[in-house]
Amino acid sequence: ILALNPIPGQEAKNAAFLVKERAARLVEDSESLAHQVQHLLDNPVEMAEMAAISKGLGRPQAALKAAQMVLGA
């Protein structure tokens, strides 16, 4: 994940969490974005590690579980 200028508030917090967990990199502009994309393409092991961390952090059923909690199901 390459996070480019996340929206202040919750999205910035989400990006910071992902960076801390090493699942993402924060980029500030299109030049940095291009550099990071090229870096990851040149380092497939690093990109695979980031992908594995991201997958481990994922909660694919989170929205369903939240809806069930709200509905009392």
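**Exercise 1.** Does Arg22 count as buried, partly exposed or exposed, and at what relative accessibility?

*Solution.* The model is predicted.
Step 1. Apply the cut-off: exposed means over 50% relative accessible area.
Step 2. Arg22 has a relative accessibility of 60%, so it counts as exposed.
Step 3. Note the backbone: Arg22 has a positive phi of about 70°, although it is not a glycine.

**Exercise 2.** Find what phi Asn5 has, and where Asn5 lies.

*Solution.* Step 1. Asn5 is in the loop between strand E1 (2–4) and helix H1 (10–20).
Step 1. Its phi is positive, about 45°, and Asn5 is not a glycine.

**Exercise 3.** Check whether the length of helix H2 (residues 30–42) agrees with its number of residues, then find its N-terminal cap.

*Solution.* Step 1. The expected span is 1.5 Å times one less than the number of residues.
Step 1. H2 has 13 residues, so it should span 18 Å.
Step 2. The end C-alpha atoms of H2 are 18 Å apart, which agrees.
Step 3. The N-terminal end of H2 is capped by Asp29, which has a side-chain oxygen 3.2 Å from the backbone nitrogen of Glu31.

**Exercise 4.** Classify Val45 and Met47 by accessibility, and state which surface patch includes Met47.

Step 1. Partly exposed covers the range between the buried limit of 20% and the exposed limit of 50%.
Step 2. Val45 has a relative accessible area of 59%, so it is exposed.
Step 3. Met47 is at 36% relative accessibility and therefore counts as partly exposed.
Step 4. Together with Val37 and Leu41, Met47 makes a nonpolar surface patch of about 250 Å².
Step 5. For a distance, take Val45 and Arg25: they are 20 residues apart along the chain, and their C-alpha atoms are separated by 15 Å.

**Exercise 5.** Determine how many residues of helix H4 are buried, and how the confidence in H4 stands within the protein.

*Solution.* Step 1. Buried means under 20% relative accessible area.
Step 1. H4 has 10 residues and the number buried is zero, so the helix lies largely in the open.
Step 2. Confidence in the protein is lowest in H4 (residues 62–71), at a mean of 92, and highest in H2, at 97.
Step 3. For the protein, the mean pLDDT is 95, with 100% of residues at 70 or more.
Step 4. Just after H4 comes Gly72, with a positive phi of about 70°.

Terms used. Residues are numbered from 1 along each chain as its sequence is written. This is a predicted model: local features need pLDDT of at least 70, side-chain atom pairs count only at pLDDT 80 or more; totals for chains, interfaces and linings use all residues. Side-chain values use heavy atoms; hydrogens and water are left out. Patches are made of residues with over 30% relative accessible area and no salt bridge: like charges are joined within 9 Å, nonpolar side chains (Val, Leu, Ile, Met, Phe, Trp, Tyr) within 5 Å. Accessible areas come from the Shrake-Rupley method with a 1.4 Å probe; for residues, only the protein chains shown count as cover. A salt bridge is a side-chain nitrogen of Lys or Arg within 4 Å of a carboxyl oxygen of Asp or Glu. Buried means under 20% relative accessible area, exposed over 50%, partly exposed in between (1.4 Å probe, protein chains only). Helices (H or I, at least four residues) and strands (E, at least two) are DSSP runs, numbered from the N terminus. A polar contact is a pair of N or O atoms within 3.5 Å; within protein, one must be able to donate a hydrogen and the other to accept it, and residues adjacent in sequence count only if both atoms are side-chain atoms. pLDDT is the predictor's confidence in each residue, from 0 to 100.
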